[in-house]
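Subject: Structure handover

Dear colleague,

Here is the structure we spoke about, with notes on what was found in it. Please read them with the coordinates open.

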Amino acid sequence: MRDGVNATRLRLPEEGPWHTAMDYMMHRWGHIDPQGIEERFDAGEIVGEGGVPLDRATPLQDHTFIWYYRTLPPETRLPVEISILHQDNHLLVVDKPHFLPTTPGGTYIQESALVRLRNQLDLPDLIPMHRLDRMTAGVLLFSTNPQTRGRYQVLFEKRQVQKEYECVSAAEPAPGHPAVDFPVVVRNRMTKSRSYLLAEVIDGEPNAETRIERLETFDGGPAAVAAGTGAGGRPRLARYRLEPHTGKTHQLRVHMASLGLGIVNDAFYPDLLDKAPDDYARPLQLLARGIRFVDPISGRPVEYRSSLELSEAAPTRP
């Protein structure tokens, strides 16, 4: 691991027109940084099984997998911070802010919760137990101990972890949607859409389920007006409790939108908006409020609660 980031693993083909491992890497990535690839081979920074360094002449067939470090572009630090809620010999529980991804990806490598925390706390073995969307804030669990990691992973696999979210949306469904009698359970079949990064509801056996409860209604502020959640100066908004029983991508956002109650500041659902720079004054009004389970090490029920508040709901909370 280097600067909190794991090496990248590349599988080499068993055969082809490439005589050496470097020939194949040049075929894959030479159009981006050919000199950098040569320098990494010369410096012994590209390795095979067992950490054996490769050189320019290493035959293609000598290795099935090789590992190397990507050249990472400089990143601007996101103006958000992570708060630690709990830390012990097995778990790290944090409040992830809006706009920070859980794991590295795309243009966010150092600016991810995982890499930030690995570097900040000197925890190279840190691994997330689940994920939150980049635009979703709230409680996020990490394993700090490889020896006990599997015991926590089993809880998630067997759905023995209860999650609770909060969101802010319109108090009443958008025109064209029927009234909702809360609490309500939304069940449908979700799949990844052919559209970039989106999910959609299709016909078929339900594979996604969320219980939704309306907690309170109140007058929205300027951000709610800008988000189009109502006409006039102060539209009625509501704070909702969401309890997902499954974990499909964007499930909560899709289920709220399906009721005509798209979450405030959601740029994907119900309508995909043009991509724009992050507006830190208008975060998605979705928060992972709490998570609870029976700890497999202590055998005791535990619950971790977010200390964050949704900006559109905070003035109304006691």
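Where does arginine 159 lie? Arginine 159 is in the loop between H4 and S7; helices here are DSSP runs of H or I with at least four residues, strands are runs of E with at least two, and both are numbered from the N terminus.

First, the conventions. The model is predicted, so local features need pLDDT of at least 70 and side-chain atom pairs count only at pLDDT 80 or more, while totals for chains, interfaces and linings use all residues. Residues are numbered from 1 along each chain as its sequence is written, and side-chain values use heavy atoms, with hydrogens and water left out.

Overall
The protein chain has six helices and 13 strands. Its C-alpha trace spans about 70 × 45 × 40 Å along the principal axes. Of its 318 residues, 45% count as buried (under 20% relative accessible area; exposed is over 50%, partly exposed in between, with a 1.4 Å probe and protein chains only). Among contacts (heavy atoms within 4.5 Å) with a separation of 6 or more, 63% are between residues 24 or more positions apart.

H1 and H2
Helix H1 (residues 21–29) and helix H2 (residues 34–42) have axes that come within 10 Å and cross at roughly 155 degrees. Axes are lines fitted to C-alpha atoms, for helices over the stretch in contact, and angles run from 0 to 180 degrees between N-to-C directions. H1 and H2 are therefore roughly antiparallel (over 145 degrees; under 35 is roughly parallel, 65 to 115 roughly perpendicular and the rest oblique). Their crossing is right-handed, meaning that the near helix is turned clockwise from the far one by less than a right angle. H1 contributes Ala21, Met22, Met25, Met26 and Trp29 to the contact, and H2 contributes Pro34, Ile37, Glu38 and Phe41. Eight of these residues are nonpolar, none is polar and one is charged (nonpolar: Ala, Val, Leu, Ile, Met, Phe, Trp, Tyr, Cys and Pro; charged: Asp, Glu, Lys and Arg; polar: the others, Gly among them).

In H2, Gly36, Ile37, Arg40 and Phe41 are buried. They cover an arc of only 135 degrees around the axis, so they are on the same side of H2; the arc is that of the directions from the helix axis to the C-beta atoms. These buried residues pack against H1 and strand S2 (65–68). Exposed Gln35 and Asp42 are on the face of H2 turned away from its buried side. Glycine 44, which follows H2, has a positive phi near 70 degrees.

H4
The buried residues of helix H4 (residues 149–157) are Arg149, Tyr152, Leu155 and Phe156. Their arc around the axis is only 120 degrees, which puts them on the same side of H4. They pack against several strands, including S4 (91–96), S6 (137–143) and S12 (286–294).

Backbone points to check
Aspartate 122 is in the loop between helix H3 (113–121) and S5 and is exposed at 62% relative accessible area.

The peptide bond from phenylalanine 182 to proline 183 is cis, with omega near -5 degrees; proline 183 is in the loop between S7 and strand S8 (184–192). The bond from tyrosine 269 to proline 270 is cis too, with omega near 5 degrees, and proline 270 is in the loop between helix H6 (251–258) and S12.

Regards
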